[in-house]
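Subject: the structure, plus some notes

Hi,

Here is the structure I said I would send over. Have a look at it first, and then read on for what turned up.

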Amino acid sequence: MSSTATLLSDLVALGERQLDAEHAAADLIGKFLKQENVPFTTHEFSIQVPRTRSAVLTGDGKKIPCAATCFVSGVIPDKEVILSSAAPMAESPNVPNINVNPYCPVISRGNCYRKPAVAVTHEGLAQVFAAKEVRGEVDVEMVDHTSRSFLIGNTVNPRVIVFNHYDSIGPGANDNASGVATVFQAMLDHPEMLDHTLIVVAGAEELSQDQPFYWGSGYRRFQDDYGPLMNAAKKILVVDSVGSGTVQELTDMRIIRRAFPIAGLDTNPLPITLLTADIGALMTVYHSELDLCDRVSDESLRQTTEITGRFCSEQ
C-alpha cells in the first residue's frame with residue numbers, strides 16, 4: 001500500500017474529524033509530511049463548532065433514531081416541516097425541522113441548520129409519517145476550537161494554489177480524505193511543482209459559527225491572512241470529493257460557490273477550477289457512516305492525481 005493510501009485509510013479510521021479528532025487528523029498529516037521530507041508551515045485560527053449533548057425524536061411516544069443537525073438547542077414541536085438535506089441551505093426555510101437525505105438510507109447530516117433540527121434514516125422517516133404525534137428535542141453547545149491548516153510549497157509568490165480540506169462529518173473517505181491523498185500523491189509524483197505551487201490543506205471546512213456560510217471557514221481564514229496570494233495566482237484548484245466516479249473539472253461559479261465559499265467571488269472573480277467526481281455517487285454516502293474506504297475507487301484517485309499534476313505543471 002502506498003503512503004498516501006495509508007494516510008487515506010488512517011484518516012478514515014479516525015471517524016468524524018471534528019474537535020479532538022480533527023486535531024488527531026492534523027497530527028497524522030504533519031507526521032506524513034515529515035516522513036516524506038516535505039517542508040510545511042501551519043496556519044492556526046480559532047472558531048466555534050457545534051457539539052451535540054443529546055438529540056431525541058419520538059413518534060407516538062416511541063423513540064426514532066436521529067442525529068442533531070443544528071447550531072442551537074430547542075424543540076421540534078411536530079412533523080409539519082420535513083426537509084430534504086440534499087437541497088442547498090438557501091432553499092431551506094429557517095424553521096425547526098426533521099430532515100432526510102433522499103439518496104442515502106442512513107442518517108446523513110447534509111446541512112447544519114440555525115433552528116432545532118434532526119436528521120433521520122429512510123426508515124425513520126416512515127415512522128415519522130406513520131405517527132400521529134411527533135416531537136423532537138436537541139441540546140447543542142458551541143465549543144471553542146483551534147483549527148490548523150497546512151501550507152506546503154511556495155508561500156511567497158505561487159502561480160498555482162491548490163486547496164482541499166481534511167476535516168469531515170462522518171468518516172469522510174470521499175469527503176475529503178480522497179482529496180488530501182490525491183493532492184499529496186501528485187506532489188510526491190511531481191516534487192518540482194512546489195517551486196511555483198502552494199498547497200493549502202485546510203481544517204474547519206465543514207462546520208463553524210460563520211454566517212451566512214458555516215462551511216468553508218478554513219478557506220476564508222486563509223483568505224483573510226493570505227488574500228494577496230490568492231488575488232495574484234494565475235490558477236486556483238479546489239479538490240473535493242474525488243473518490244467515486246469520473247473526475248470532472250468544473251468552472252461553473254454557481255457550483256464552485258457551494259464547494260469554495262470564499263468572500264468576494266461576485267466582485268472579484270478568481271481563476272478557480274473545482275475538481276470533483278460523481279456528485280450522485282457522493283450523495284449516497286454524504287456526511288454519513290457509509291462514507292468509508294470501500295466506497296472509494298482506485299481509478300477515481302488515479303484520475304485525480306493525474307489531473308492535479310497536469311494542472312500544476314501547465315503554466
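Let me start with glutamate 306: its relative accessibility is 53%, so this residue counts as exposed (the classes are buried under 20% relative accessible area, exposed over 50% and partly exposed in between, with a 1.4 Å probe and protein chains only). Glutamate 306 forms a salt bridge with arginine 302, at 2.9 Å from N to O (a salt bridge being a side-chain nitrogen of Lys or Arg within 4 Å of a carboxyl oxygen of Asp or Glu). Both sit in helix α8 (residues 298–313), 4 residues apart, so about one helical turn separates them. Arginine 302 has a relative accessible area of 42%, which makes it partly exposed.

Before going further, some housekeeping. This is a predicted model, in which local features need pLDDT of at least 70 and side-chain atom pairs count only at pLDDT 80 or more, while totals for chains, interfaces and linings use all residues. Residues are numbered from 1 along each chain as its sequence is written, and side-chain values use heavy atoms, leaving out hydrogens and water.

How many salt bridges does a search of the whole structure find? The search gives 13. One of them pairs arginine 109 with glutamate 16, at 2.4 Å from N to O. That pair links distant parts of the chain, 93 residues apart: arginine 109 is in the loop between β6 (97–100) and β7 (117–119), and glutamate 16 is in the loop between α1 (3–13) and α2 (20–35). (Helices, H or I with at least four residues, and strands, E with at least two, are DSSP runs numbered from the N terminus.) Arginine 109 is partly exposed at 24% relative accessibility, and glutamate 16 is partly exposed as well, at 28%.

Arginine 51 and glutamate 141 make another salt bridge, at 3.1 Å from N to O. Arginine 51 is partly exposed, with 39% relative accessibility.

Two cis peptide bonds are worth a look. One joins glutamine 211 and proline 212, with omega about 0°; proline 212 is in the loop between β10 (197–202) and α5 (217–232). Another joins aspartate 175 and asparagine 176, with omega about 10°, and asparagine 176 lies in helix α4 (residues 173–189).

There are also positive phi values outside glycine. Asparagine 37 has a phi of about 60° and is found in the loop between α2 and β1, where it is exposed at 67% relative accessibility. Is histidine 287 buried or exposed? Histidine 287 is buried, at 4% relative accessibility; its phi is near 50°, and it sits in the loop between α7 and α8.

**The whole chain**

The protein chain has 8 helices and 13 strands. Its C-alpha atoms fill a box of roughly 65 × 40 × 35 Å along the principal axes. Of the 315 residues, 56% are buried.

That's the lot from me.

Cheers
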